[in-house]
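Here is a short tour of one protein model. Keep the sequence and the 3D view open as you read.

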Amino acid sequence: MAIDEKAARPLGDLLQAGDSVEQLYEEVRAAFEAERGAAASADQVRTLRDRWLGRKNGLLTALNDNWLKSVPREYKPAVGKLQNRTKKAVEAAVKAAEASARAGAAKKDLLDVTLPGPARSIGARHPVRLVLEETIDIFKGLGYSCAEGPEIETFFYNFEALNFPPDHPAVDEMDTLFLEDRVLLRTHTSPNQIRIMESRTPPLRYVVYGKVYRNDTPDATHSPMFHQLELFAVDTNITFGDLKGTLDYFLKRFFGERTRTRFRPSYFPFTEPSAEVDIDCPFCSGPGCRICKQTGFIEVLGCGMIDPNVLRAAKLDPETHQGFAAGFGLDRFAMLKYDIDDIPLMFQGDARFLRQFR
Ligand code: DAH
């Protein structure tokens, strides 16, 4: 017997036929569940609601009238409980079906203006860009100008004019990537010292930055492309004291007021005398840690007084002019400043990484 038919009979008749009250309400629930499962669209859900919950002709009204009202008074509490529970369950399920039909319709409706717009993430500045901007800011305050230069360079600007002797092993050491004979991807930003000295007249104070290339196998600490920043000053009365004072000021501004610097003698073909500069480790401030390899110091840049041969190559007279220069890796500075320990992360463009530096 279908559920509609049963709902139309007095409960007593059905019980006489052998059904129990619980079983009957169980059947009602099962019939509802089956119909509810088949109702997806808003129209189908409306039909379902009218059929089950309609005030006058709904099935639950029929059950109330034909079953509940017909039983003797002493059975009413038990049957009333089942009737109530069933009604509540049907009402809740119809409500949920209405909501999901609405959501389904909204998905199909391209012009639903009540839906929130697609989330657009705000871009973030790359850590290398952040380091560049901060450095430029500091040097602008000291009266420096900014410049860029070509990434495709000649052997002359990249090596010869910078006082690399012919057949200097640095050509190999720097893992130069040649494009043709005497044309290459610049291995450092130092060629711009020559380009700027050639085209401007001193006094000069410049910050030059950009990509540089070396034939390195990429790993956690090497990348065939990275970023350098070169700074130099040329005038008639420049001393090593100016170099030390300038770099000490810059490194304190960049890494923190308490940073101490250490100048170690070194060698570069284009500077004489040359030095490498260490700072006390910004991570452990002295005693030694993983990042400074237990030494308490971190090497951060190379520098020196511009070699007279370099001034001559740029058509300046070393008798009247001197200068200092320094260069460092922007990527390395970013890794130190933001405690990044893996170069590839810097160049993979993963938004989850980049968002951290906003
Ligand atoms: N050009 C050097 C390099 O790529 C870095 C450098 C060292 C630049 C000393 C300078 C300097 O201007 O004075 O390894």
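Predicted model: local features only at pLDDT ≥ 70, side-chain atom pairs only at ≥ 80, totals over all residues.

Strand S5 (residues 204–213) pairs with strand S6 (residues 225–235) in the antiparallel sense, over 10 bridges.

Strands of a sheet pair through backbone hydrogen bonds, and the pairing can be parallel or antiparallel.

## The seven-stranded sheet

S5 and S6 belong to an open sheet of 7 strands. Read across it and the order is S1-S5-S6-S10-S9-S8-S7, with mixed pairing. Strand S1 (145–147) and strand S7 (261–268) stand at the edges. Each has a single partner strand, so one side of each is left without a neighbour in the sheet. From one strand to the next, the twist averages 25°.

Now follow S6 to its other partner. S6 and S10 are antiparallel too, and 8 bridges hold the pairing. Here Glu230 stands opposite Gly327 in S10. S10 also runs antiparallel to S9, and 4 bridges join the two. In this pairing, Cys303 has Ala326 in S10 as its bridge partner.

Is S10 enclosed or open to the outside? Of its 8 residues, 6 are buried, so S10 is largely enclosed by the rest of the structure.

## Helices on the sheet

Which strands does helix H10 (residues 191–199) lie across? They are S1, S5, S6, strand S9 (297–306) and strand S10 (322–329). H10 runs at about 40° to S6.

Helix H11 (residues 240–255) also packs on the sheet. H11 touches S6, S7, strand S8 (271–280), S9 and S10. The direction of H11 makes about 150° with that of S9.

## Helix H13 and the residue after it

Helix H13 covers residues 330–338. Its buried residues include Leu330, Asp331, Phe333, Ala334, Met335 and Leu336. Just after H13 comes Asp339, which takes a positive phi of about 55°.

## The three-stranded sheet

Another open sheet has 3 strands, in the order S2-S4-S3. Its pairing is antiparallel. Strand S2 (152–154) and strand S3 (177–180) stand at the edges. Each has a single partner strand, so one side of each is left without a neighbour in the sheet. The twist here averages 40° from one strand to the next.

Take a look at S3 and strand S4 (residues 183–185). These strands pair in the antiparallel sense over 3 bridges. Glu180 stands opposite Val183 in S4.

## A pair of helices

Two packed helices are described by the angle between their axes and the distance between the axes. The crossing of H3 and H4 is right-handed.

Which residues make the contact? From H3 come Val28, Ala31, Phe32, Glu35, Arg36 and Ala38. From H4 come Gln44, Leu48, Arg51 and Trp52. Sorted by class, the contact of H3 with H4 has 6 nonpolar, 1 polar and 3 charged residues.

Definitions and conventions. Residues numbered from 1 in each chain as written. Heavy atoms only, no water. Left-handed = near helix turned anticlockwise from the far one by under 90°. Contact = heavy atoms within 4.5 Å. Nonpolar A, V, L, I, M, F, W, Y, C, P; charged D, E, K, R; others polar. Pairing = 2+ DSSP bridges. Axes fitted to C-alpha atoms, helices over the stretch in contact; angles between N-to-C directions. Buried < 20%, exposed > 50% of the residue type's maximum accessible area, 1.4 Å probe, protein only.
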